[in-house]
Amino acid sequence: MKDNLSPSFMHQMMTCGYGDPFTVLGMHPSDQSGLFIRVCYPGAEKIDVLSYEDEETLATMGRIHEYGLFQANFPQATEFFKYKLRVYFTGGHSYVTEDPYRFRPILTDFDIHLLCEGNHKNLYDKLGAHLMTVDGVKGVFFAVWAPNASRVSVIGNFNTWDGRRHMMRNRANTGMWELFIPGLVEGEYYKYEIVDNRGQVLPLKSDPVAFYAEVRPNTASIVYDPTRYVWQDDSWMKQRKESADPLHKPMTIYEVHLGSWRRNSLEGNRFLTYREMAKELPEYVKYMGFTHVEFLPVSEHPFDGSWGYQTLGMYAPTSRYGSPDDFKFLVDTLHQNGIGVIIDWVPAHFPKDAHGLANFDGTALYEHADVRKGEQLDWGTKVYNFGRNEVANFLLANALFWLREYHVDGLRVDAVASMLYLDYSRKPGEWIPNEFGGRENIEAINFLRRLNEWVYAEQSGAVTFAEESTSWPMVSRPTYLGGLGFTFKWNMGWMHDTLDYMNQDPIYRKYRQSEITFSFVYAFHENFVLPLSHDEVVHGKGPMIDKMPGDTWQKFANLRGYYTYMYAHPGKKLLFMGSEFAQDREWKFNDSLAWHLLLNSNNSGIQRLIKDLNDLHVSEKALHELDFEEAGFEWIDGSDADRSVVSFKRKAKDSDDFVIVVSNFTPVVWQDYKVGTDEPGVYEEIFNSDNLKYGGSDVLNKGELHTVAPGWNFKDYALNLTLPPLATIILKPKRK
């Protein structure tokens with residue numbers, strides 16, 4: 001390296017950047033004799049080179065450029081030596097520091113190869129900001145991917161946000177930029193200053209792999225130590241790994257938006273923190289009997305009104321509710337209470353905010369350059385380029401990150417349909433066909449298959465859910481059979497059909513019988529979850545109770561009967577918060593649920609019904625063990641449209657263990673209603689949504705129910721029942 005740099009080169013380096021500042025800064029052999037040290041400190045008045053141990057002055061550096069380049073020559077030195085710097089500023093203030101340009105590279109060639117290849121399952125251990133000790137010196141190592149940048153700098157309070165101070169090294173021109181900055185500690189605020197390949201300074205960027213972020217509207221990333229938290233859920237994690245059979249287990253999911261489940265009305269209606277939620281949510285969910293909670297996206301996002309679905313900080317739990325350790329505490333507490341944790345995960349799109357991923361290094365890096373592929377028109381967002389190795393790796397490693405580092409048990413993948421189709425919500429001419437001329441997004445399909453393969457290979461017992469609203473085949477079938485590989489798929493068709501049916505005045509339901517029965521035609525084509533999610537109680541759709549017709553009594557009776565029918569239907573269950581007690585208004589992301597409604601007997605009755613249904617779902621194997629197998633279901637009668645009655649049988653693996661389900665979707669009490677069965681003997685009613693304790697009229701089938709002959713519904717025997725109005729009942733053989 002030349003002792004002297006040309007003025008034009010120095011100007012270029014300090015303004016537009018230089019791919020490897022380590023070849024210019026730090027200690028180097030002189031082209032004359034000995035060694036020289038060159039440093040960059042804009043704003044410094046004077047800099048001394050100090051001996052490493054006793055900090056004695058070895059030389060005073062000379063300024064070689066007005067922007068803050070300083071240099072000291074050591075013509076007699078023959079071997080590299082460790083040193084420190086004393087930097088003086090106007091007014092006499094000074095401090096002693098290490099020179100970041102004297103430290104070796106951190107990323108190995110193998111790491112860089114895996115990152116560029118798109119196969120680094122521990123990407124988050126390499127990119128981002130990491131506390132570490134190098135050569136006995138504590139500091140923070142930064143690494144970021146920006147292949148089309150001409151300069152990338154780490155900036156923060158530690159360098160007065162000056163991009164000339166800590167310019168990063170572009171390793172082998174791969175676009176993997178790195179720098180170890182000695183002396184930095186946890187809690188440092190930082191961003192990346194990126195100069196594009198035209199010499200333009202871009203808007204300051206948050207770290208794509210930051211573990212912690214400032215509370216919005218501020219957007220800096222924060223250095224965080226992810227190793228400090230001590231987990232207390234060992235027994236849960238062991239059980240998850242050893243009993244990885246989610247299809248045959250009970251699963252009732254309580255969907256929660258952290259910012260509005262409950263708020264502190266005494267302190268300005270503020271959010272509850274993660275730790276405050278940990279005191280209240282696990283206790284409530286356990287009391288209600290739900291097996292899992294599902295959080296709307298917890299990853300950092302700039303806009304509250306997106307509910308988290310426009311995510312920018314994929315690796316950072318939102319700081320709205322506290323620190324990453326606080327979120328771990330919430331998950332930990334749920335696990336200790338026997339409750340699984342699912343998070344909504346959004347790889348389908350990302351927002352255009354200037355501090356985020358859009359145009360990250362001055363080019364369409366994470367997204368497609370062509371708007372026909374790179375923009376999601378419905379949401380005004382960007383679409384990830386799933387065909388780019390580094391982008392796919394960024395997302396795939398993120399999925400593993402939440403499962404590993406935050407002990408999350410499942411990922412619900414949002415908006416899968418928008419990923420699968422190139423023409424999703426697009427008019428002719430607004431999309432580009434695939435290489436075969438079709439509308440399928442082959443790159444996204446391959447990405448989703450890899451996602452599920454990575455999850456199952458790396459995290460035994462973890463599950464994935466697809467929110468997929470089309471008829472795409474084999475969504476929840478293994479990839480080796482040609483499926484997408486998800487564990488479960490949301491059954492959006494069931495939700496739409498049954499809600500359309502329930503919305504009808506009972507007098508007209510006999511003309512719509514197929515809407516309440518059609519889901520059984522395809523119930524076993526996928527591993528379905530029956531969702532009554534947040535999407536059904538916003539944007540003018542009204543709360544669940546307002547989807548039911550009739551007067552107040554009939555509304556609540558309809559809802560009780562419908563919920564019971566849902567719990568008896570094959571498939572796992574999901575209910576959005578507030579629906580479990582019939583909230584009377586649409587969900588508002590910026591307000592608490594209407595908990596005061598529980599003072600009303602109708603609302604508390606619905607809550608008690610859901611609690612008992614959850615308990616019944618767990619205790620009765622027939623209601624969960626064969627959710628996805630035809631052997632677990634048998635029609636009794638789905639054709640009694642005139643009386644709007646549906647009856648069927650649910651069976652466990654032991655075929656002698658079964659229940660009979662009968663739903664009456666009219667307000668008429670049907671006396672002596674015959675239901676066929678092949679099993680003679682004594683039956684008992686184990687659940688009735690019309691029970692007085694739920695707010696019903698208490699039309700019950702009490703005591704022992706004996707079968708009679710001749711049979712009914714092409715069965716050998718029959719039961720004579722009283723069907724309560726707008727209700728679902730569940731019967732079971734009475735065993736000795």
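What volume does the largest cavity have? The largest cavity has a volume of about 160 Å³. Before I continue, two remarks on the model. It is a predicted model, in which local features need pLDDT of at least 70 and side-chain atom pairs count only at pLDDT 80 or more, while totals for chains, interfaces and linings use all residues. Residues are numbered from 1 along each chain as its sequence is written, and side-chain values use heavy atoms, with hydrogens and water left out.

Let me begin with the cavities. A cavity here is a set of points, on a 1 Å grid over the protein atoms alone, where a 1.4 Å probe fits but cannot get out; lining residues have an atom within 4 Å of a point. Grid points are joined across faces, edges and corners, and a volume is the space filled by probe spheres set on the points. The count comes to 6 cavities of 30 Å³ or more.

The largest cavity is lined by 15 residues, and Lys 373, Val 383, Ser 418, Tyr 421 and Arg 426 lie nearest its centre. Helix H7 (371-374), strand S23 (375-376) and helix H9 (416-420) are the elements that give two or more residues to this lining; helices (H or I, at least four residues) and strands (E, at least two) are DSSP runs, numbered from the N terminus. By class, the lining holds 8 nonpolar, 3 polar and 4 charged residues. Ala, Val, Leu, Ile, Met, Phe, Trp, Tyr, Cys and Pro count as nonpolar, Asp, Glu, Lys and Arg as charged, and the others, Gly among them, as polar.

The second largest cavity has a volume of about 70 Å³. Its lining includes Val 537, Phe 576 and Trp 587.

I turn now to the nonpolar cores. Such a core is a set of buried Ala, Val, Leu, Ile, Met, Phe, Trp, Tyr and Cys residues joined through side-chain atoms within 4.5 Å, where buried means under 20% relative accessible area, exposed over 50%, and partly exposed in between (1.4 Å probe, protein chains only). Of the 192 residues in the largest core, Phe 142, Tyr 254, Phe 295 and Tyr 563 touch the most other members. Helix H8 (residues 389-405) gives the largest share of this core, 11 residues. A second, separate core of 17 residues includes Ala 44 and Val 49.

Finally, two single residues. Gln 239 lies in helix H4 (residues 234-242) and counts as partly exposed because its relative accessibility is 35%. Ser 306, by contrast, counts as buried because its relative accessibility is 9%.

Technical notes. 1 Å grid on protein atoms, 1.4 Å probe; cavity = no way out; pocket = protein on both sides within 12 Å on 5 of 7 lines; lining within 4 Å.
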